[in-house]
Amino acid sequence: MRFDLKDLELFVAATEAGSIAKAAERCHTVASAVSKRLSDLEAAYGTALLVRSSKGIVPTAAGLALLGRARAVLHQAGQLEHELRGYSKGLRGRVRVFANISAIVEFLPSALASFLAAHPEIEVELEERVSTEIAEAVAENRADLGILSELPAGSKLAAIPFREDELVLLIRPDHPLAARGSIAFGEALDSDFVGLHTDGALHYLMLRAAAEAGRPLKLKIQVTSFDAVCAMVAAGLGLGVVPRAAAAAYTASLGLVPVALEDTWSKRRLHICLRSPESLSAASRRLLDHLAGLSS
């Protein structure tokens, strides 16, 4: 192009002010510089844009055509600058979050609702993954933040405590164990279980607890969500281990009984993982600060 935004700014200022001197004052420059750039603009396009006289300046027909376009271009440039500054300040942007099912069901709905209400120009892209996939995605920059129960061994990601997650044993009311106020996981291993997908952290917790008790874990069926676990338990296919908050919506409607687990692993701490604070965009940093501020 044969002009830049400064040329357009000076041309619009001179036309609106009707004077090169006033345009120079408005744009914080000297009159000779304004006059030179306007003359160069006319020479570049081989046509007069302004009529100069002792009374000031007025635009020619070509100048009027340029004036309308120049105002539009300057307005859009101003909008673009405003938007880009918004990204740099974390007022705009997109944050990619991978989280395990516990975080998505129990904690993130209210946390994200309050964040997005305060930052309506930021988009949050949320995906449910198991813990190993979450850590990999964050390490490989496919996700900005991850929320999981524990980092894989040898991981170099940073981790920030987020929320505590209590697991309970979900039982039909006609089951012999339903009358127990609390129970050790090993005492329930005579029963069949409804489990989650094999890559999830909860699946490994149950397998490890069964192995430590020296008993097999009898998985009758495996499903992919907590609501499906609840439905299968209600159908009599086995017992389930789910977060207490996730089960609350189903215990009343399905008539299920949540029994506290006495095992230490039933109290889990969810963590926010990231590559490093320096790697985050301003928008991601705002979300991290918001989530960290809600940790308990």
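Reply: The lining of the largest cavity has 6 nonpolar, 6 polar and 3 charged residues. Here Ala, Val, Leu, Ile, Met, Phe, Trp, Tyr, Cys and Pro count as nonpolar, Asp, Glu, Lys and Arg as charged, and the others, Gly among them, as polar. The model is predicted: local features need pLDDT of at least 70 and side-chain atom pairs pLDDT 80 or more, while totals for chains, interfaces and linings use all residues. Residues are numbered from 1 along each chain as its sequence is written, and side-chain values use heavy atoms, without hydrogens and water.

Me: What makes a space a cavity, and how much space lies in the largest cavity?

Reply: A cavity is a set of points, on a 1 Å grid over the protein atoms alone, where a 1.4 Å probe fits but cannot get out; its lining residues have an atom within 4 Å of a point. The structure holds 1 cavity of 30 Å³ or more, and about 120 Å³ of space lies in the largest one, a volume being the space filled by probe spheres set on the points. Of its 15 lining residues, Asn-100, Ile-101, Gly-200, Ala-201 and Leu-202 are the closest to the centre. Helix 5 (101–106) and helix 8 (201–212) each give two or more residues to this lining, with the largest share, 3 residues, coming from helix 8.

Me: Why is the contact of Glu-42 with Arg-52 called a salt bridge?

Reply: The closest N and O atoms of Glu-42 and Arg-52 are 3.2 Å apart. A salt bridge requires a side-chain nitrogen of Lys or Arg within 4 Å of a carboxyl oxygen of Asp or Glu, so the pair qualifies. Glu-42 lies in helix 3 (residues 31–45) and Arg-52 in strand 1 (residues 50–53), so the pair ties together parts that are 10 residues apart in sequence. Helices (H or I, at least four residues) and strands (E, at least two) are DSSP runs, numbered from the N terminus.

Me: How do you know whether Glu-42 counts as buried or exposed?

Reply: Buried means under 20% relative accessible area, exposed over 50%, and partly exposed in between (1.4 Å probe, protein chains only). Glu-42 has 12% and is therefore buried, whereas Arg-52, at 37%, is partly exposed.

Me: Which residue forms a salt bridge with Asp-144?

Reply: Arg-96 does, with the closest N and O atoms 2.9 Å apart. Asp-144 and Arg-96 are both buried. In the whole structure, a search finds 19 salt bridges.

Key: On a 1 Å grid over the protein atoms alone, a cavity is a set of points where a 1.4 Å probe fits but cannot get out, and a pocket is an open set with protein on both sides within 12 Å along at least five of seven lines; lining residues have an atom within 4 Å of a point.
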